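Good morning, and thank you for coming. Please look at the sequence and the structure that I am about to show.

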Amino acid sequence: AGGGACYVALKLGGAVVKASNENLELLDPDTLPKDHPAFAAGQQKKGKSSSGGGGSSGKARKKARPVTWVRKNIRVRIISKSLAGGKYYSQKGTVYDVQSRYEFSVLMARDRKLVENVVERNVETALPKANGRVIIVLGEHKGKVGTLLERNSKLQVCLVQFDEDKSIYKCGFEKLAEYVPT
């Protein structure tokens, strides 16, 4: 019922296609992994290699966005295959310091090495098991600390009991992170 259609200019090849609105999803390129086909196709079309370990050659660096949810003493997972040459991809670490409005450093759990100049698009929140300590990183309760009571991986939601008033809060995984106070 309804829905409508729109015309989309494809980045690869420049063709214009008609698509129904129900079949479209708006993607933020900053949240896509660097190995996503959308990036590889764009790189090859411009005649640039998709291999390499970063550096300043090839396409200009994206302007970093200001830090919005990352804070000191939270556990994160590295989701960038290009950060530190991919060495820490899918590994967990703790935010050690927020160095500027745009960058922070992560102390990696496995080898205890400090990775600097990390930006938000390189990481995602990591959650503890039930009864673990969490902190809300987004939304109206940002900064509140509590205990993770329950998590539902299928629905990507969890229940948190706040320390402050013992109230229960239901939220999505993206709104909280494991809290690792020093």
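Which residue takes a positive phi in the hairpin of β5 and β6? Arg112 does, with a phi near 60°, and this hairpin has 5 residues between its strands.

Residues are numbered from 1 along each chain as its sequence is written, and side-chain values use heavy atoms, with hydrogens and water left out.

The term pLDDT denotes the predictor's confidence in each residue, from 0 to 100. Its mean for the protein is 80, and 66% of the residues reach 70 or more. Over residues 41–60, pLDDT stays under 50, and the model has 10 contacts beyond four places in sequence for them; a contact means heavy atoms within 4.5 Å. Where pLDDT is low, the predicted coordinates should not be read in detail.

Let us turn to the sheet that holds β5. Strands here are DSSP runs (E, at least two residues), numbered from the N terminus, and two strands pair if DSSP finds at least two bridges between them. An open sheet is formed by 5 strands in the order β6-β5-β4-β3-β7, with antiparallel pairing. Its edge strands, β6 (114–118) and β7 (123–125), each pair on one side only. On average, neighbouring strands of this sheet are turned by 40° against each other, direction ignored; the axes are lines fitted to C-alpha atoms, and angles run from 0 to 180 degrees between N-to-C directions.

What does β5 pair with? Strand β4 (residues 92–98) is joined to β5 by 5 bridges, and Asp97 stands opposite Ser105. These two strands form a hairpin with 5 residues between them.

Is β5 buried or exposed? Buried means under 20% relative accessible area, exposed over 50%, and partly exposed in between (1.4 Å probe, protein chains only). Because 5 of the 5 residues of β5 are buried, this strand is largely enclosed by the rest of the structure. Phe104, Val106 and Met108 point one way, and Ser105 and Leu107 the other way. In a regular strand, side chains alternate between the two faces of the sheet.

Finally, another open sheet has 5 strands in the order β11-β10-β9-β8-β12, paired antiparallel.

Conventions: Helix = DSSP H or I, 4+ residues; strand = E, 2+ residues; numbered from the N terminus.
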